[in-house]
Amino acid sequence: MSAVAQWEPDEWTESTPTLFASMARYRYMIGITVVLGALAAYLFSSSRPQVWEATSTLFLSNANVFTGETIDVGLKVQQEASRVESYSVYDRASEILGGTPSRQALVKQVTVEADPAVGALELTASSNDRVKAAAIANAVTHAYEELSRSAIQAQVEGADDVLAEQANELNEEANSLAAQIQSDGTNVAAERRLETVQTQLQDLQTRMSDMTADAAIYGTGIADIEEAVPAIEPSGPKPI
């Protein structure tokens with residue numbers, strides 16, 4: 001009887017180690033890799049420049065600058081948000097900051113958010129320096145305040161010119177009517193017209209006075225300002 005050949009496993013049939021067995025076998029290498037990876041991530045995030053943010057808040061007035069009447073401040077803040085982000089405001093802010101950052105840089109460093117619920121505008125500036133971030137936010141805030149005052153003053157002066165011209169015309173007519181009455185002695189129509197003209201003149205003078213007073217009180221359209229202060233902690237990036 002021939003001997004039965006004994007089967008022996010070859011390299012293709014030998015069982016392979018399980019995942020857990022492999023991890024156990026190379027546990028030290030895996031541990032070192034994890035530690036080195038975490039250390040590299042920490043060093044990378046720590047080496048990146050920190051970003052600081054500062055926010056100033058503008059509370060807009062709910063009074064019309066020219067009449068003092070109440071207006072929809074929620075709608076006003078949405079309109080004014082785009083004006084804060086105008087090139088003229090950023091140009092002036094750059095001047096206040098001594099030319100640095102430039103207008104182009106400020107466009108990227110400043111964000112404006114409108115809060116219709118409270119009638120406020122929040123101006124947030126970012127920088128790699130905490131003090132600079134606050135300075136930028138405040139510079140943009142005051143630039144907007146200055147330009148708003150100038151624009152409103154220009155409107156008041158323009159309206160004053162129109163009203164003054166109307167007043168001059170009424171004065172000329174009043175003088176002409178007075179001369180006519182003096183010449184004719186009794187002229188009922190002229191006397192009635194003179195009374196009307198004098199009333200119109202008084203109304204114009206009152207309007208001019210009230211408009212100037214309201215513009216002085218509500219001249220910027222801003223009720224209050226909360227200036228930005230340097231942040232205590234950076235907004236990012238932070239070491240992981």
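Mentor: Residues are numbered from 1 along each chain as its sequence is written. This is a predicted model, in which local features need pLDDT of at least 70 and side-chain atom pairs count only at pLDDT 80 or more, while totals for chains, interfaces and linings use all residues, and side-chain values use heavy atoms, with hydrogens and water left out.

Trainee: Which residues have the most contacts inside the largest nonpolar core?

Mentor: Val110, Leu121 and Val140, in a core of 29 residues. A nonpolar core is a set of buried Ala, Val, Leu, Ile, Met, Phe, Trp, Tyr and Cys residues joined through side-chain atoms within 4.5 Å. At least two residues of this core come from each of β1 (52-60), α3, α4, β2 (110-115), β3 (120-127) and α6. The greatest contribution is that of α6, with eight residues. Helices (H or I, at least four residues) and strands (E, at least two) are DSSP runs, numbered from the N terminus.

Trainee: Why is leucine 170 called buried?

Mentor: Buried means under 20% relative accessible area, exposed over 50%, and partly exposed in between, with a 1.4 Å probe and protein chains only. Leucine 170 has 12% relative accessibility, so leucine 170 counts as buried. This residue is in helix α6.

Trainee: What makes alanine 114 partly exposed?

Mentor: Its relative accessibility is 35%, so alanine 114 falls in the partly exposed class. Alanine 114 belongs to strand β2. From alanine 114 to valine 77 is 37 residues in sequence and 5.9 Å in space, C-alpha to C-alpha.

Trainee: How do you know that α6 reaches close to its expected span?

Mentor: The expected span of a helix is 1.5 Å times one less than its number of residues. For the 55 residues of α6 the expected value is 81 Å, and the reach from first C-alpha to last is 81 Å.

Trainee: What makes aspartate 129 a cap of α6?

Mentor: At the N-terminal end of α6, a side-chain oxygen of aspartate 129 lies 3.0 Å from the backbone nitrogen of valine 131. A polar contact is a pair of N or O atoms within 3.5 Å; within protein, one must be able to donate a hydrogen and the other to accept it, and residues adjacent in sequence count only if both atoms are side-chain atoms.

Trainee: What follows α6?

Mentor: Glycine 185, whose phi is positive, near 90°.
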